[in-house]
Amino acid sequence: MSAETATQHPVEMRGITIRFPGVLALDQVDFTLRAGEVHSLMGENGAGKSTLIKALTGVYSIDSGTIAIDGVPRQFDGAAEAQDAGIATVYQEVNLCTNLTVGENVMLGQEVRKGGRIDWKATHAEAARHLASLGLQIDPRSPLERHSIAIQQLVAISRAMVGEARVLILDEPTSSLDRDEVIRLFDVIRDLRARGVAILFVSHFLEQVYEISDRITVLRNGQLVGEYAIDELPREALVTAMIGRELDDLTAIASTAHRAIDRSSTPVLRVSDVGKRNVLEPASLEVYPGEVVGIAGLLGSGRTEFVRLMYGADRAESGAFEVNGAAARIHSPRHAIDNKISFSSEDRRAEGIIADLTVAENIMLGIQARQGWRRVRASERDAVVAEFIEALGVRPANPSLIAGNLSGGNQQKVLLARWLAMAPKLIFLDEPTRGIDVGAKADIQKKVAELSEKGLSVVFISSELEEVLRIAQRIAVMRDRHKIGEVQSAETDYDTLIDYIAKGGEGSAA
Amino acid sequence: MKAFLHSRLVWPVGFLILLIIINSVARPEFVKVTMRDGELYGALITILRQSAPLMLVALGMTIVIATRGIDLSVGAIMAVSGAVALTIIAESDSPGAVSTVLIAVIVAILVSMVLGAWNGLLVSVFGIQPIIATLVLMLAGRGAALLITKGEITTVNSDPLAFIASGYLSVLPFAFFISVAAIVAIALVERRTALGMLTESVGINPEASRLAGVRSRGIIWGAYIASGAFAGIAGIIYASNIKAADANAAGEFIELYAILAVVLGGTSLMGGKFSIAGTVIGVFIIKTLESTILFLGIPSAQKPTFFGAVVMVVVIIQSPRMRAWMRKGKDGVLNTLIRRSAASKQAEEVAS
């Protein structure tokens, strides 16, 4: 064992095996995290990324293998012990107290004490110092909830650094950030890297992985595929390594999706000047049968707000609705559902999945709610559930599992199943592919393309413009709570679209 | 059997059995049931009879709690219901007639439902926090009951009324049949229709349920109306038992015991998944415990203290932390422990 003397990396995991009943969650996985590097851990949902992180931070105990921290064999009993050893984790959902001040959050548990009492002045000064070291010039006395998610994310990192962390684990830190915020986060990460902090980065965004990482470790089905320097592994090779097969050619989707839509027919939905004060300037949109309309724009441009008003999730203050050519009243989700319109929210957890109910109950919820008290017959229920689990490829394909225990991608499929089971004519999909793995993402895009060919109309929101360009025929562009125009996807490309979003339609063709 | 050992009902059922065993060892007459004039008597029968009001209130409370709510006004609604019923009977020309009592009971239940609807209105339409919304009626209700009885304790002499709490149907107390009817009714409505699932859905995630088209407002409103109706029936049983409408004593603290029964039965105060069977067990635990306290001769002033102590122990034993400790402590059950933690690990794994 020369490793003990030769190199003493902050984290060295060797032959890590974790067994769950009937499943080998991790099988002899090696992982090395070096000081002053950003190391991305890649793999599909269920590949074992989270399990490996939890093995490292002591949330799980390992069945075999060794973990060495700075060359010293360690095994933590719980995240608190790992934290004491300088291993800090910042999760996707910010684990902070939004009702406390920024400073209180940064210094939580490490407040400066004087004579048994907390010296708030010194505590806040100390917090300000930590924030400043990450380039954050914000008042530590301001309540955390007043800041954006991005700032909260950075505050969480500051908090981790108060404990003098030498290993920082960032689990999907960018999933709710917009472009500028990501740039800011990456500046902080680079700065920490320069200070010698070892950073473990997990993200579903390949671009970001390539932008920030020095090294990539790929896992698949609990096994190590390999460790690569970033420039050794082109994107296509990474995706192939992750899913173990060539990704179905997504451009095939584009070629079928970019078909001509008959816009002389009656639109499924026509909204005219739908708006709400401080939420959305009056906007109009028409969606034709079998058409996929993308909505593009930055975070906060009013994409979600627009769709929520059209669905009745929020009540519009102005505007008119027309469904299949007839005037309609859509003031609540039930009105929309009565008009065969469905809406899948971007916030899967808070507005989608009913975590404690089963997969079957979640899928049936929409149908059941429409039907009221009268229970859907068991035979009918089983048939619908089986059909959609199969059609969408929900894994595990077990209808009696608790939905909250499924991975994000599979929860998304369950939600899609809920909406599709109601046989809608039009479906609003708000970020249906956010935070889910490459394979599930492709599945969902393919499903959308397939359904629209069969006549379903779709309004598709995504932060990933390539995705919008790929599956939509027409794209409505939003900016600053305005709909600024529409473009045909066949007549535009990524750069033109970005340009349009950025310039707000001035100068560019609408 | 295996499924039962893993269900949330293990602890409550185990504790109830333990209580019964302790009682029957300490006083063999506890389990003795005698037949007198074709009617059964004994400590167990008394528990069945006396548990009816709490059973009704706790069943209603279960549904309200499942919607993430709470109903503090049930005791006050009992007082109003009793006051309404007995005032009608007392002021009628024939207080002993079955028809009089029947009308009184129906009116009292309707009034209780209106009060429940008021709670539901405040919670589901005005969006007031349930604890505050029902606090209004908890305070105002007894005042209203006193207004109805003109500040007195209305007493009546009516055999049909007395029958409700003390009468026998065949060999068992009539009040017990009321309990059974309520349990069956609520189990049928919640579990044979989709209402139970929709109620849980609203309790687990109100916004997601709304977006899925669930009529959450109606479901929440309905829960408070049901709770009001059940409290109303409980109020009548109480009044029947003492043959009087005592606006101050009727249903005193019953909201707290009902919440306790629901929690003992394994339904979380966070709302969502609920267990009707659990609540039934919870009610019997509370009533058996009361009987035990009585038997032990604990001074009535100290009754709440003893009650609190026992409940504290039960709740601590049921707490997640305590269960984890107990699992760690026993080497003998190490294997089950490993298997179980592995199972929960797997659950987490699937989730991540």
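In the predicted model described here, B:Leu56 touches B:Ala182, B:Phe230, B:Ile233 and B:Ala234, when residues up to four places away in sequence are left out of the count. B:Leu56 lies in helix 4 of chain B, and it is classed as buried because 32 other C-beta atoms lie within 10 Å, where 20 or more are required for that description.

Two packed helices are described by the angle between their axes and the distance between the axes. Helix 4 of chain B, which spans residues 52-66, packs against helix 13 of chain B, residues 254-264, at an angle of about 65 degrees and with the two axes 8 Å apart. Helix 4 of chain B is therefore roughly perpendicular to helix 13 of chain B, since angles from 65 to 115 degrees are counted in that class. The crossing of helix 4 of chain B with helix 13 of chain B is right-handed. On the side of helix 4 of chain B, the contact is made by B:Pro53, B:Leu54, B:Val57, B:Ala58, B:Met61, B:Thr62 and B:Ile65, while helix 13 of chain B contributes B:Ile254, B:Tyr257, B:Ala258, B:Ile259, B:Ala261 and B:Val262. The residues of this contact between helix 4 and helix 13 of chain B comprise 12 nonpolar and 1 polar, with no charged residue among them.

Between the chains, the contact draws on 35 residues from chain A and 28 residues from chain B. On the side of chain A that touches chain B, at least two residues each are supplied by strand 2 (23-33), helix 1 (49-56), helix 11 (333-338), helix 12 (348-351) and helix 13 (359-371) of chain A. Helix 13 of chain A gives the most to this side, with 6 residues. In composition, the side of chain A that touches chain B divides into 18 nonpolar, 9 polar and 8 charged residues.

As to confidence, the predictor assigns the complex an ipTM of 0.83 and a pTM of 0.76. Chain B has an average pLDDT of 88, and 89% of the residues score at least 70. Over residues 329-340 of chain B, however, pLDDT stays under 50, and for this stretch the model has 1 contact beyond four places in sequence.

Definitions and conventions
Residues numbered from 1 in each chain as written. Chains lettered and ligands numbered in written order. Predicted model: local features only at pLDDT ≥ 70, side-chain atom pairs only at ≥ 80, totals over all residues. Contact = placed C-beta atoms within 7 Å. Helix = DSSP H or I, 4+ residues; strand = E, 2+ residues; numbered from the N terminus. Nonpolar A, V, L, I, M, F, W, Y, C, P; charged D, E, K, R; others polar. pLDDT = per-residue confidence, 0-100. Axes fitted to C-alpha atoms, helices over the stretch in contact; angles between N-to-C directions. Parallel < 35°, antiparallel > 145°, perpendicular 65-115°, else oblique. Left-handed = near helix turned anticlockwise from the far one by under 90°. Buried ≥ 20, exposed ≤ 12 C-beta atoms within 10 Å, placed from the backbone.
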